[in-house]
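Good morning, and thank you for joining this meeting. Please take a moment to look at the structure on the screen before we walk through it together.

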Amino acid sequence: MEIWDAYYQDGTLANIDLIRGEPIPNGLYHLVCEVIVRHIDGDYLLMQRDWSKPNYGGYFEATAGGSALKGEDKLTCIKRELLEETGILEDTFYEIGRDLSNTCIYYTFLCVTSCKKNSITLQEGETIAYKWISEQEFIDFIHSEQMIDTRQKRFLEYFSKMNYL
């Protein structure tokens, strides 16, 4: 059983536990954190979602991430998710977006890493492959039908700031 902290729309803690898979009461949200990974050489990391994932199975996505567990703040969550899904251990994250959708408060981060590109690890049930792509390939990716549309919306501020759109 996965337990989450409940939050109000403004991001303040509600001091209520939520259980994954159970309905979330009106006016409450849970934290979801995502990170775009850019290598110091300018390449971006894409992770392929496991085919068994209920949404967008098999798609490549420009993030690692997931729900914050009870007691985790957004930085603890994204550090854990990045490590679990890619094997990358980093401490510096730049918050590049916040979005409210349905019952989730999404926090989006950028991580610039110097990790060895062949050191990426996969998380069983979550990811099945990865690839590093150049900045131009990344721009092409975000303009394609391969980009998960909800991610594109959440990363809009970053994409605009980088002149990718």
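Let me begin with helix 1, where C77, I78, R80, E81, L82, E85 and T86 are buried. Please bear in mind throughout that what you see is a predicted model. The mean pLDDT of the protein chain is 94, and 100% of its residues reach 70 or more. Confidence is lowest in helix 3, residues 149–154, with a mean of 84, and it is highest in strand 1, residues 3–7, at 98.

To return to helix 1: this element covers residues 74–86, which makes 13 residues. From its first C-alpha to its last it reaches 18 Å, close to the 18 Å expected at 1.5 Å a residue. At the start of helix 1, a side-chain oxygen of D73 comes to within 3.2 Å of the backbone nitrogen of L75. After the helix comes G87, whose phi is positive, near 85 degrees.

What do the buried residues of helix 1 pack against? They pack against strand 3 (30–39), strand 4 (44–49), strand 6 (64–67), strand 8 (104–113) and strand 9 (127–133).

As general background, nonpolar side chains in soluble globular proteins tend to be buried together. Leaving aside neighbours within four places in sequence, L82 is in contact with V35, V37, A64, G87, I88, E90, F93 and C111.

I turn now to charged pairs. How many salt bridges does a search of the whole structure find? The search finds 16. I shall describe three of these pairs and then a network.

E2 counts as partly exposed, at 26% relative accessibility.

The next pair takes us back to helix 1. E72 forms a salt bridge with R80, and the closest N and O atoms are 2.6 Å apart. Are these two partners buried or exposed? E72 is buried, because its relative accessible area of 11% is under 20%. R80 also counts as buried, at 18% relative accessibility.

D91 lies in the loop between helix 1 and strand 7 and K79 lies in helix 1, so the pair ties together parts that are 12 residues apart in sequence. D91 is exposed, with a relative accessible area of 62%, whereas K79 counts as partly exposed at 32%. Finally on this subject, salt bridges that share partners join E34, R49, E61, R151 and R154 into one network.

Let us look next at the loops. W51 is found in the loop between strand 4 and strand 5 (60–61). Why is W51 classed as exposed? Its relative accessible area is 61%, and the cut-off is over 50%, so W51 falls in that class. Not counting residues up to four places away in sequence, W51 touches G57, G58 and I128. The C-alpha atoms of W51 and G125 are separated by 8.4 Å, although these residues are 74 residues apart along the chain.

Most residues other than glycine have a negative phi. Y56, however, has a positive phi, near 60 degrees. Y56 lies in the loop between strand 4 and strand 5 and is partly exposed, with a relative accessible area of 32%. N102 also has a positive phi, near 55 degrees. N102 is found in the loop between strand 7 (94–101) and strand 8, and it counts as exposed at 72% relative accessibility.

Thank you for your attention.

Technical notes. Residues are numbered from 1 along each chain as its sequence is written. This is a predicted model: local features need pLDDT of at least 70, side-chain atom pairs count only at pLDDT 80 or more; totals for chains, interfaces and linings use all residues. Side-chain values use heavy atoms; hydrogens and water are left out. pLDDT is the predictor's confidence in each residue, from 0 to 100. Helices (H or I, at least four residues) and strands (E, at least two) are DSSP runs, numbered from the N terminus. The expected span of a helix is 1.5 Å times one less than its number of residues. Buried means under 20% relative accessible area, exposed over 50%, partly exposed in between (1.4 Å probe, protein chains only). Contact means heavy atoms within 4.5 Å. A polar contact is a pair of N or O atoms within 3.5 Å; within protein, one must be able to donate a hydrogen and the other to accept it, and residues adjacent in sequence count only if both atoms are side-chain atoms. A salt bridge is a side-chain nitrogen of Lys or Arg within 4 Å of a carboxyl oxygen of Asp or Glu.
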